[in-house]
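Subject: Structure for your review

Dear colleague,

Please find below the structure that I am handing over to you.

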Amino acid sequence: MSALLFFTFRRCFTISKQELHINEEIKEKEVRVVDFDGSQLGLMSSKDALKKAMEKDLDLVLIAPNAKPPVCKIMDYGKYLFEQAKREKEAKKKQKTVEIKEIRLGLAIDVHDFETKGNQAKKFLTGGDKVKVSIRFRGRELGHPEIGLDVMKRFADYCSDAAVVEKPAKMEGRNMLMFLAPKPVK
């Protein structure tokens, strides 16, 4: 069991830490070399390419190992890693995580409670989150799913200025569920 856990951890760790081969780590005999400014230097042995990189006080990085022949680029590897980390950080900042918020309704919901829950759902939707609307049927209520369907339709109409129905109301066991998504920004 622990050997399997170690293997899984090690496997995931190495996948996430995928690094490029640089300088002496490049074992290919012949490589296509691209200069730091993007110009092609042509085919040469990896030793000659490494000498050219050392002359310019830069690193030789294997950027396309599966190409025929493999492609290497002369660049400042430390600067490349720094810029890549910076780009990933910027991408994370721009990323918006969408949460699913839940609103629970009852079959015999009063007008004020309905409006309060509707306003709360609108607040969630304008914030960019999705809303899961649910009604739990108890006892004899289960014999009247059409009442729940009416409540769901009314709720969808109430939130129609801020939401679109992603999944229409549907019975799942004792619950009726409906999913609302924020309206796309034009």
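Predicted model: local features only at pLDDT ≥ 70, side-chain atom pairs only at ≥ 80, totals over all residues.

Residues are numbered from 1 along each chain as its sequence is written, and side-chain values use heavy atoms, with hydrogens and water left out.

Confidence. The chain has a mean pLDDT (the predictor's confidence in each residue, from 0 to 100) of 84, and 90% of its residues reach 70 or more.

Helices (H or I, at least four residues) and strands (E, at least two) are DSSP runs, numbered from the N terminus; two strands pair if DSSP finds at least two bridges between them. Four strands form an open sheet of mixed pairing, in the order E2-E1-E4-E3. Strand E2 (40-45) and strand E3 (59-64) are at the edges with a single partner strand each, so one side of each is left without a neighbour in the sheet. E3 pairs with strand E4 (residues 71-75) in the antiparallel sense over five bridges, and Ala64 stands opposite Val71 in E4.

Second topic: the sheet with E5 to E8. Here the order of the four strands is E5-E6-E8-E7, again an open sheet with mixed pairing. E5 and E6 run parallel and are joined by six bridges; the bridge partner of Arg104 in E6 is Ser134. Strand E7 (residues 163-172) and strand E8 (residues 175-182) run antiparallel, joined by seven bridges. E7 and E8 form a hairpin with two residues between them, and Gly173 in the turn has a positive phi of about 70°.

Nonpolar cores. A nonpolar core is a set of buried Ala, Val, Leu, Ile, Met, Phe, Trp, Tyr and Cys residues joined through side-chain atoms within 4.5 Å, where buried means under 20% relative accessible area (1.4 Å probe, protein chains only). The largest core has 22 residues, and Leu105, Val131, Val133, Ile135, Phe155 and Leu180 have the most contacts inside it. Strand E5 (100-105), helix H4 (111-126), strand E6 (130-136), helix H5 (145-158) and E8 each supply at least two of its residues. A second, separate core of twelve residues includes Val33, Met44, Leu50 and Cys72.

Yours sincerely

Technical notes
Buried < 20%, exposed > 50% of the residue type's maximum accessible area, 1.4 Å probe, protein only.
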